[in-house]
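Have a look at the model first, then read on.

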Amino acid sequence: MNDRPKENHTVNDADKRYALFTQLLVANESQVRWFLRGLLPTWDDVQEVLQTASVVAWSKFDHFEEGTSFGAWLLTIARFEALKYRRGMARSPLVFTDEVWDLVAEEMDDGEYQKERRQHLQACLQKIEPVEREILLKVHQTGVVTKGVAKELGKSEQAFYKFIQRLRRRLRDCMSQAMAMEE
Amino acid sequence: MSNTDCHRLIAAWLDGRITEEESAQLQQLLRDSVEVRREFVQYASLDSMLREQADGEATPLLFASPDPVRMGSMKWAAAVVAFVLLLGCLVFFDKSETRGAVALISGASGRLRWTGNEGVVVHDLAVGDEISGGTIDGISPDSWFELTFRDGSVARISGNSMLTFSDKGQKKLHLKSGFLSANVQPQPAGKPMLIYTHSASLEVIGTTFEVQAGVASTELNVSNGEVLLTRLSDGESVVVPADHRAVASSERELLKERVPEAVYRWKSQLELGPSGGHRQKGGFYGEWFPAKGASLPFVKAIPLVPRKNPSYTLYLAGLPVSRPDHKPVLLKEGWRFVLRGRLKVSDKIYFGIRVKQPGGDISGKFLAQMQAKVPTGNFEAVFEAEEFGIDPSERSPERLPKSPGGWLLHSVWCFTHKEGASGLEVTEVELLAPGDQPGAEPNAGSGRARETAFVKQGQQPALLKAGQDPARNQ
C-alpha cells in the first residue's frame, strides 16, 4: 500500500505544484533562451531544447528545492539537454567544436548580466527609425525567411543582410553604452 | 582580422548562412579571444531578445484577451505597444506566416491549462483559438481537448493528461502522461509525426490510433494504418498495424497483438489499486483508500471547482475503465450502471461517462443524475441507459449521438455539488449488459466477497434508481 500516499497527493498537489512550476518557468525561460541561443544554430533548435528541458524539469520538479535558484537549476538541465541535442545534429558549419562550445557556454552562463542588458532593449529600440525597427523585428519572427523579406522590400540579399547587421550593431552599442553609464 | 569582419562572421552564424571556411575563422577567434567571445555572447543574447519580442507580438492569444492573469502587465504593455507599431508598418507581410500558430482548437471541455512556448498560461481556451506550440494539461477527469493541425490532422487528449506539441515542418508531440487519440493525415516524406512518452517513441505516417502513457509503460492501439513503436529502454521496435495493439514496457516483450473483441460488462477493481490494477492512471480522480479489515477499498471524492462555474464545488471521484484482459468495453443497447458507495451527507449524485466512437475519432461525455437526494450511509444506485444525456459541458454536442449505445467506454465519474463536502465514497462501479444481475460481471473474481463484506458492516445498502425517491426504498 506504499503507493497510496503518492496517488492521493498526486491529484491534490499537482495543481499547486504545477502552478509553482509554471510561475518559475515563466520567470526564467527567457534566461535559458539567451543561454541556448549562443550554443545552438537556430531559434527552432533553441525552442526545441527549451521545450525538452521544461518537460525534463517538470518530471524532476520533486527534486527541486524551493528557495534555491530555479533559474540555475533549469540552466543546468538545459545545458545538458543542449549537449544531447547537439550530439544528434549532423555535421555542419553551424555546429561548434567541443572546445568552442564549452568556452561559449561558460561565457553565456551569466543570466544576471543579460537581464540587465534586456532592460535597455526597449529604450534602444525606440532610438531606431520606426520602419527600420519593424523590419528588424520582422526578420526575427519565427518562420520568417530573411531572403523573402529582402525580396519583398526590393533589396538584394547581401545588402539586406548588411542592413540588418548594422541595425543589430547599433542596438548592441546602445545597450552597452547604457550599461556603462549605469556603472 | 578587423572588428567588422568579426561582426560579419557572428551575424552570418546567427543568420544560419555561415560557410565552412567562415565557421573555422569564427571558431578560431572564439578560441583565441575572450573579447570575441563576449561580443559573440552579446549578439547571441540580443538575437534571442529580438526573437522573443518579435514572436511575442505575433502570438495571437496574447491579443485575443488582454487578461492580466495571462501575462505580466509589463510584458502585456510592451507587447501592445510593439503590436501597434508593427501593425502600421508590416501590412505587406503575409499574416498567416507571421503568427506562428500551428494548430486550431477544435474542441475543448473540462478544466484545461495551456502553457505556450512563450510561457503564457491560459485557462479559458476557446474553440476557434489558434495556438502556437506549447503544453496542454487536462486537470480533471472530464477534461477533453481537441487540436486540429494545419494539415487537418487531429489530436485529442482526455482526462488528466499532459501533452506538449510543436509543428515546425514536422509534428512533435510529447505525451507526459494520460491518454491521446489521433487521426493523422498523410505526413510529408521523411517527416512523420513523432510522439514521445517516458517509455516509447512513435512514428506516424498517417493513421488513427490511441496512446496511453504511464510512468513506465506506453500502450498503443491502432485503428487504421500503422505506427512504428520504439521502446526507449533498449531501442526495440515493432510496426503495429490496424486493429492491433502493443505495450512498450521494460517488463514485457514488445509484441503486436490483435485487439481483442469488445465485451459488454465491466466492474471496477479497487482492491487492485486506484486504477483497478491497470498501469495507466488516466481518468482517475479522487483519493484511494485500500481495504482495511472488513472495510472495502474505496475512492473518496475530492473537490473540483469548474472554471466556468467557480461558485460551485463539485466533490468528484473518477475511475478509468480498463480490464486485465485489455478487452474494450462497449455499451450494448439496454446497458446500465450500478454505483455503490457511501455518503456522509444526503445529496443528489450525478454519474458521468466518457465514451469513444469505435474505430472513429469522436469522443464525448454523457451524464445522468439522481432526481432526489440519496440518504446518508451506504447506497447502491442504478443509472439506466435512457437516463443519460449529453453532458451540458460538451462544447460540440452536435457531433454526438443522443445515446452512447454502441460506443466504447473510456472512463466513469460521479459527483455531488452541495455547498459542503458530501463525504461521497465509491466502493464499486459496475456496467451491466441487458439481463445481467448486479455482481454478475466475471472479470472481478472477488465480487461476491465484496458483497459479503458490505453486508458484514451491518448496513444494507439502499437500492436506488435514478429518478426514484430514495425515501420509498428504505
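Let's begin with strand 11 of chain B, residues 208-213, in what is a predicted model. This strand is mostly covered, with 6 of its 6 residues counted as buried. As a general point, side chains in a regular strand alternate between the two faces of the sheet. Here T208(B), E210(B) and Q212(B) point one way, while F209(B), V211(B) and A213(B) point the other way, and all of them are buried.

What does strand 11 of chain B pair with? On one hand there's strand 8 of chain B, residues 171-183, which runs antiparallel to strand 11 and is joined to it by 6 bridges. On the other there's strand 12 of chain B, residues 217-224, again antiparallel and again over 6 bridges. V211(B) takes part in both pairings: its bridge partner is L180(B) in one and L220(B) in the other.

| Partner of strand 11 (chain B) | Residues | Sense | Bridges |
|---|---|---|---|
| Strand 8 (chain B) | 171-183 | antiparallel | 6 bridges |
| Strand 12 (chain B) | 217-224 | antiparallel | 6 bridges |

Zooming out, chain B comes to 7 helices and 29 strands. Of its 474 residues, 49% are buried. Looking at contacts in chain B with a separation of 6 or more, 61% link residues 24 or more positions apart.

Most residues other than glycine have a negative phi. D243(B) isn't a glycine, yet its phi is positive, at about 60 degrees. Where is D243(B) found? D243(B) is in the loop between strand 14 (237-241) and strand 15 (244-249) of chain B. Is D243(B) buried or exposed? D243(B) has 12 other C-beta atoms within 10 Å, so it counts as exposed, since the cut-off for exposed is 12 or fewer.

Finally, the contact between the chains. It takes 61 residues from chain B and 59 residues from chain A. Several elements of chain B each supply at least two residues to the side that touches chain A, among them helix 1 (3-14), helix 2 (20-32), helix 5 (73-89) and strand 7 (154-167). Strand 8 of chain B is also one of these, and it's the strand that pairs with strand 11. Helix 3 of chain B gives the most, with 19 residues. By type, the chain B side divides into 27 nonpolar, 19 polar and 15 charged residues.

Note on methods: Residues are numbered from 1 along each chain as its sequence is written. Chains are lettered from A and ligands numbered from 1 in the order in which they are written. This is a predicted model: local features need pLDDT of at least 70, side-chain atom pairs count only at pLDDT 80 or more; totals for chains, interfaces and linings use all residues. Helices (H or I, at least four residues) and strands (E, at least two) are DSSP runs, numbered from the N terminus. A residue is buried if 20 or more other C-beta atoms lie within 10 Å of its own, exposed if 12 or fewer, and partly exposed in between; C-beta atoms are placed from the backbone. Two residues are in contact if their C-beta atoms, placed from the backbone, lie within 7 Å. Two strands pair if DSSP finds at least two bridges between them. Ala, Val, Leu, Ile, Met, Phe, Trp, Tyr, Cys and Pro count as nonpolar, Asp, Glu, Lys and Arg as charged, and the others, Gly among them, as polar.
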